[in-house]
Amino acid sequence: MNLIESYLAKAADLDTVSAGMDISCKVGYVAAHDVTAPIAIRQFREIGVDKVFDPKRVLLIVDHIYPASSEKARDSVWIMDDFAREFGIPIYKKGEGVIHQIMYEKHRAAPGELVVIADSHTCTCGGYGAIGIGVGSTEAAAAMATGRLDLEVPAVVQVYLTGKLKENVFGKDFILYLGEIFGTDYLTDKGLLITGPGIECFSVAERMTICNMGTELGSMITLFGTETKENEVEEIREIDLSTLNPKIAKPFSPANVCDVADIAGLPITQVVVGSCTNGRINDMEQVALALKGRQVHPNVNMLVVPASKDVLNAMEEKGWCKIIREANATVLNPGCGPCFGAHEGIISNRDVVVSTTNRNFPGRMGANKGQIYLASPATAAASAIAGKITVPGTDSL
Amino acid sequence: MEVIKGRVFVLGDDVDTDQILPGYAMAEPFDQLGKYAMAGAPGLDFLNRVQPGDIIVAGRNFGCGSSREQAPIALKMAGVGLVVAAGFARIFRRNAINIGLPVYVAEIADVLKDGDIIEVDMVKGTVRYAEGQVTAKPLSENVLKTLDYGGLIPRVRAELGISQ
């Protein structure tokens, strides 16, 4: 068995599993946020059980729309609040941060443990060794009641990494590159296992960025393994990290990827750094390094969204918030920010955005013809200063 | 449930959840979601054209993106009876089945146009249209069982022994 299969076998209490088997797994954590929780709660109540499977292992987190941008958004919070009180489960409702970051900081699953969240970016926790499976509200409701999740053991594609990254290349560039080679559906229903000596290039935070976008490639589970190559997998791809350049995803697909250099010079109007993909301390450090003593281009709005209060606290302690403000950028409250087009930076058809978020579908951040380019924080910050898409490390002072 | 006949509505590849149910509509009350079906693709004029029982036929990777269950719920509320696509994103596919909206994998979008009639047998694995038919993999027993219950929640209730 490969690492994904070993973990799934353990969760299913089986000696062995193989691709294609239907199994029932024990779940470590179940969570939902303000977009998915109201329907999950509705479905949970429909089941008709009087308790959740383990009140310490079921959580609700308000991250998508905080503070409320409408009465309806506020009503969603009340639905969650009532449920949390009634069933005695933790709720984060004061803008503590994005669900995947809160899970890492406050409710971290052990390696191999199953994390089931009603959110597609649950795969983020593969960066710290847990098995993250994104589900919808109904499946989350069933897991809240039963503590179990049924799934089909995925065939596993292993990406084996060697070499070292160039200085201006980051985890984000690597996962965009995987989008370039795999496209959006080659990995559908499969497991993506990342191994090899090259994984040492990536901190846990960078690994979370990489796993976060596994869902953009269609994968069911994305997981970092060890430096050792695994043999019991469906397919192995070897990648020499030293060959990678900074990457960028053009509208309107996260897999529509090229080198940043290929489109350098394109004028932009908004930059967003943050989200569950790239809102951690290391990401904010790239922004602060780039903006220190400089100004964001007059044509550009730059929005910086820490993934959590802990990240924001670190930014303040290190003086980065001041650097960002003095560069004429805006630090928003921790959370999902404008990533999904409901508040805090909605774009019009005239906008061209460089964003460190994970999706650039039509209308994702507002207007349907608004253009979103996905890139690393370093590329985003360099582009914000220049007012045009810029390869990081090449912009002159 | 196993055989569904209807008028088709043809869409392309990579129809994402932001097109099916855009972010601005995610906080809408449950019973209002049908009003936003395909609102993220305004050019389609979907709500004015869709009729109860219509079948969406699409290309690869239908439902990619978000886990928002509002997306299949909106389609179901708007009257869509079945989605047939060359491929589905995993979470969308499971969400649809879990709320009792059948989804079926078959490559047929290229030979159909809006308004054509098809008949889909998800147990035998056939999609028939005026000029012929294509074969595809039958739905698994597990999926058929969930659909027969009308979705995951009634199935879980039955499995937990909770009576009506």
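Buried area is the accessible area (1.4 Å probe) that two parts lose on being put together, summed over both. The model is predicted: local features need pLDDT of at least 70, side-chain atom pairs count only at pLDDT 80 or more, and totals for chains, interfaces and linings use all residues. Residues are numbered from 1 along each chain as its sequence is written, and side-chain values use heavy atoms, without hydrogens and water.

Q: What makes up the area buried between chain A and chain B?
A: The two chains bury about 3200 Å² between them, with 55% of it on carbon and sulfur atoms. Contact (heavy atoms within 4.5 Å) involves 40 residues of chain A and 39 residues of chain B.

Q: Why is the pair Arg93(B) and Asp189(A) called a salt bridge?
A: A salt bridge needs a side-chain nitrogen of Lys or Arg within 4 Å of a carboxyl oxygen of Asp or Glu. The N to O distance here is 2.7 Å, so the pair meets the rule. Across the interface the rule finds six salt bridges.

Q: Which element gives the largest share of the side of chain A that touches chain B?
A: Helix 5 of chain A does, with six residues; helices (H or I, at least four residues) and strands (E, at least two) are DSSP runs, numbered from the N terminus.

Q: Why are strand 2 and strand 3 of chain A said to pair?
A: Pairing requires that DSSP find at least two bridges between two strands. Strand 2 (residues 29-33) and strand 3 (residues 58-61) of chain A have four bridges, in the parallel sense, so they count as paired. Val30(A) stands opposite Val58(A) in strand 3.

Technical notes:
Chains lettered and ligands numbered in written order.
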